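Work through the following exercises with the sequence and the structure side by side, and try each task before reading its solution.

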Amino acid sequence: MALLGSSAVEEAARSRTEHVAPMPLYDEIELVVSELSSNGESMSLLPSPYPPWVVMVPFALPGETIRARVYRHGKMHSYGDLISVIAPNNPLRDDSRVKCKYFGACGGCQYQMLSYETQLELKKRVVEKAYESFSGLESIVVPSVLPTIASPKQYGYRTKITPHFDVPPKSGAKSKDWEVRIGFDQKGRRSVMDIEECPIATEVLNQELPATRDEVKRSISTYKRGATLLLRDSLVIPPKDPVDAIASNGKPATAPNHDEHICITSHKAQVRERVGSTLFEFPAGSFFQNNNSILEPLTSYVRDAIFSPPLLINAAAEGASVPDSQSPRAPTHLVDTYCGSGLFSLTLSPYFAHVAGIEIDAASIRAAKHNLALNGLPESKHAFHAGKSEDIFASVLLSSSETFPPQDTVVVIDPPRKGCDESFIDQVVKFGPAVLVYVSCNVHTQARDVGMLLRKTEASGEGTKYVLESLRGFDLFPQTAHVESVAVLRRR
Ligand SMILES: C[S@@+](CC[C@H](N)C(=O)[O-])C[C@H]1O[C@@H](n2cnc3c(N)ncnc32)[C@H](O)[C@@H]1O
């Protein structure tokens, strides 16, 4: 941990004191916060005469003097609850900004007391630090991180929430006063908080939540174990068959309003979302990004990053004409790996002659194929493959029916939080596409994979070289410490 300093870390390892906490559990302690961790928790060094030791406390800000109670120890650090802010960092902190009555206890949001500009700046810093610490790349090859792109909606944006609950203990003293709590995890605890509303969730989800909670409370005795509920915002899907549009009284139903939002609670039911002019339908239980308001800016950014590299934009802005030999030819083929129901393949489809998608979830692949027809896109130029990216990437690209010339191909990589399998990176390196766009909700695994990709390319000795052209955060998760990161790599 940088805050401790490498000599303190080495000394603790030598003396085997890394796990010897210098204070007992539940001690209350006064701290001055040094900085924020990438998950938004404050980090403070214990004051002298304690040995070097960090205490992580949520909901506190750099420069603040706080009182905290330690509840868990780790290696050279402990976790504490915030008891009070003795000296707030004004104007960084403004508690009148907080819109949620559960803020400060719920584990969902970390940043409601901050201005939105500060949140964006903190997320830029998270991307910078991730590349400093996890990419293994020399700073000279890492470009300056561009300002974080703001979310058009900063509250009321979450299109999916998953409140959960436990069942009553079978017997014992606790079972007498037990009351069902339906909501989200309490910060730093394994206990569920009872949550009646969530201001970062969309309006229809908040409208539906009371009825869903009441239903669980009414039927709690029928549950053998705890469960997780699903509430998903959807546009109304028009009936396929005109017969469906006949109301039960036999008269034609009033025409449904297809821009109306409804709440879907069944995993198997279809959800509809619109991104720009592209419609997506997918099963409610399958993956789709949770902040619809920023998806059009995100997909347009990826398109522009592919076709208008910053070098060309800068040259054009300065009035210089770019010689043909220097202007890269426009890619014609797109491979969307970890494609879900086709967010990138479908929104970018008009700009490519051939598009392939790879996704592990067969239901999402069925949805992607359905979404082609939904948007009137030709089946002939698209191919969606169900399977693991690491198992089928090379075979998809080498199959005789779909030829993807590496020098004309863009590969979009958008894996889950754990990042890519190394064997997938090996296949990408071997293939050597013209452009790589790596989108990730975990900038730490992204930095690790991008570093690996650049080193493996250098080591391959095939003469292929990539430039890490741009890095930028997108704020898919306002009020929280999470950031989506987009890295663009171009073959030179
Ligand atoms: C972060 S999501 C991105 C989905 C899509 N690009 C989007 O933005 O809607 C990651 C996707 O990767 C899929 N996935 C997970 N492991 C995979 C693997 N080994 N190979 C292919 N897809 C995988 C998940 O099912 C999920 O749909």
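**Exercise 1. Identify the residues closest to the ligand, then describe the shell by residue class and by the elements that supply it.**

Solution. In this predicted model, 20 residues surround the ligand, and the closest are Phe287, Tyr338, Gly340, Ile360 and Asp414. Sorting the shell by class gives 11 nonpolar, four polar and five charged residues. Turning to the elements, α7 (343–348), β16 (354–359) and α9 (389–398) each contribute at least two residues to this shell.

**Exercise 2. Work out the strand order of the open sheet that contains β11, and explain why β7 and β12 each have a side without a neighbour.**

Solution. Begin with the order, which is β7-β11-β12, three strands paired in antiparallel fashion. Next, take the pair of β11 (residues 231–235) and β12, which is joined by four bridges; within this pair, Arg232 has Ile264 of β12 as its bridge partner. Finally, look at the edges: because β7 (160–161) and β12 (261–264) each have a single partner strand, one side of each is left without a neighbour in the sheet. To complete the picture, helix α4 (residues 203–219) lies across β7, β11 and β12, and runs at about 135 degrees to β11.

**Exercise 3. Divide the protein chain into domains and characterise the contact between domain 1 and domain 2.**

Solution. The division gives domain 1 (6–93), domain 2 (119–154 + 293–318 + 329–491) and domain 3 (160–272). The centres of domain 1 and domain 2, taken over C-alpha atoms, are separated by 37 Å. Their contact takes four residues from domain 1 and five residues from domain 2, and the side belonging to domain 1 has one nonpolar, three polar and no charged residues.

Conventions:
Residues are numbered from 1 along each chain as its sequence is written. This is a predicted model: local features need pLDDT of at least 70, side-chain atom pairs count only at pLDDT 80 or more; totals for chains, interfaces and linings use all residues. Two strands pair if DSSP finds at least two bridges between them. Two residues are in contact if their C-beta atoms, placed from the backbone, lie within 7 Å. Axes are lines fitted to C-alpha atoms, for helices over the stretch in contact, and angles run from 0 to 180 degrees between N-to-C directions. A residue is near a molecule or strand if its C-beta atom, placed from the backbone, lies within 6 Å of it. Ala, Val, Leu, Ile, Met, Phe, Trp, Tyr, Cys and Pro count as nonpolar, Asp, Glu, Lys and Arg as charged, and the others, Gly among them, as polar. Domain bounds come from an automatic or database domain assignment.
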